[in-house]
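Please keep the model open while you read.

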Amino acid sequence: MSPETLLQDPSSTPSSDPGGAFAPDRFDTYVMKTYGRFPIALERGEGCRVWDTQGREYLDFVAGIATCTLGHAHPALIEAVTQQIQKLHHVSNLYYIPEQGQLAEWIVKHSCANRVFFCNSGAEANEAAIKLVRKYAHTVQQLEQPVILTAKASFHGRTLATITATGQPKYQKYFDPLVPGFEYVPYNDLEALENTIADLDEGNRRVSAIFLEPLQGEGGVNPGDLEYFQEVRRICDETEILLVLDEVQVGMGRTGKFWGYENLGIEPDIFTSAKGLAGGIPIGAMMCKESCAVFEPGNHASTFGGNPFACGTSLAVAQTLEKENLLENAQLRGEQLRENCRAIAQQYPKIFTAVRGWGLINGMEINAEIELSAIDLVKAAMDEGLLLVPAGPKVLRFVPPLIVSKEEVEQATQILAKIVAKIAS
């Protein structure tokens, strides 16, 4: 059966609940259409499973796009949220916030950072990093027109500065004039990076920072090369360029280590986190070493950033990662997932060309020569009770909660194998 036939079959499209809690027409009347939504409405979850408004169960290998670290309704998360909301949920950063200090201490003790700034999202964390680089460039590097190098196929957020940092023109269309001061280089290409720095710095030094993802998530689940990142670190050390890493998607245990940079044997000067940091409660953080912690009162701020509710919840997530040995689980289940996916790819080499990833962020690349897209497979998997997410048009992404079990990984890959068998027949 061809993918077109599979996806045009009415039974392959999950039905909505037009008369109940989920009314698509009414929803679309009031909510701005900034998302392409699948026609289901999810109303509850437990562990690695969610249920829609019609009571149908799904195995969740999206986890809020690598966000629900502990899955759904985890007892530690419920307890932390309940206790904190009963005590104090928000105060201004005009005052000391104990939970914020405790979370910052945990991050510093479990990373290479010395200082932490809290905000509400990954885009905000990356904005903070960009601003910190700009101030450092003017006050320490003495650069008049600093440039930040980012990678092609990267993704750093949806604000004006972060879509400029994002090396994908499709996200920038219609939003010009973009923020000046960014240039793009191919990912994992050392020669191109060195040549770009040489060209930009000819005559007057301009390059202030190199801003990369340790693994490109939205760009196709592309892990960084160990040798490349070690050479980038060497270049930064020798030229006093800052190395900034976007860990919004890979941080907080997602790769089987606390931070993505640990897979590369280096330390950044600045790095960012969000998504999984509080297991689904909105939070963002920008971390840096003391050597570049140049922010002073008034330079940057966030009304909600670092409030007791978000930080108390995040601290519970961090402690649960350690108590439940979830880094090891991410490593083991990730290897199991890749092994199973490789077996499928080897059986159907005309459909899949690669399997790659770290820990529990993994992707299967679809043959560019066939019409099958990642969205096609996502829709087909949804019909079989498995939630997956694309990473670009030709990469199928697997980002389950870090609590995922051996049995759930087996179930997910069996569903995928069944779908691929139908497509190949």
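1. Is Trp259 buried or exposed? Trp259 counts as buried because its relative accessibility is 0% (buried means under 20% relative accessible area, exposed over 50%, partly exposed in between, with a 1.4 Å probe and protein chains only). Phe271, at 1%, counts as buried too.

2. A word on the source: this is a predicted model, where local features need pLDDT of at least 70 and side-chain atom pairs count only at pLDDT 80 or more, while totals for chains, interfaces and linings use all residues. Residues are numbered from 1 along each chain as its sequence is written, and side-chain values use heavy atoms, leaving out hydrogens and water.

3. Now look at the rings. Trp259 and Phe271 form an edge-to-face aromatic pair, 5.3 Å centre to centre with 65° between the planes (rings of Phe, Tyr and Trp, the last by its six-membered ring, pair if their centres lie within 6.5 Å; planes under 30 degrees apart count as stacked, over 60 as edge-to-face and the rest as tilted). Trp259 sits in the loop between strand E10 (242-246) and strand E11 (270-273), and Phe271 in strand E11, so the pair ties together parts twelve residues apart in sequence (strands, E, have at least two residues and helices, H or I, at least four; both are DSSP runs numbered from the N terminus).

4. By this rule there are seven aromatic pairs. In another of them, the ring centres of Tyr187 and Phe229 are 6.1 Å apart and the planes are at 70°, so this pair is edge-to-face. Both Tyr187 and Phe229 are buried. Together with Tyr228, they form one aromatic cluster.
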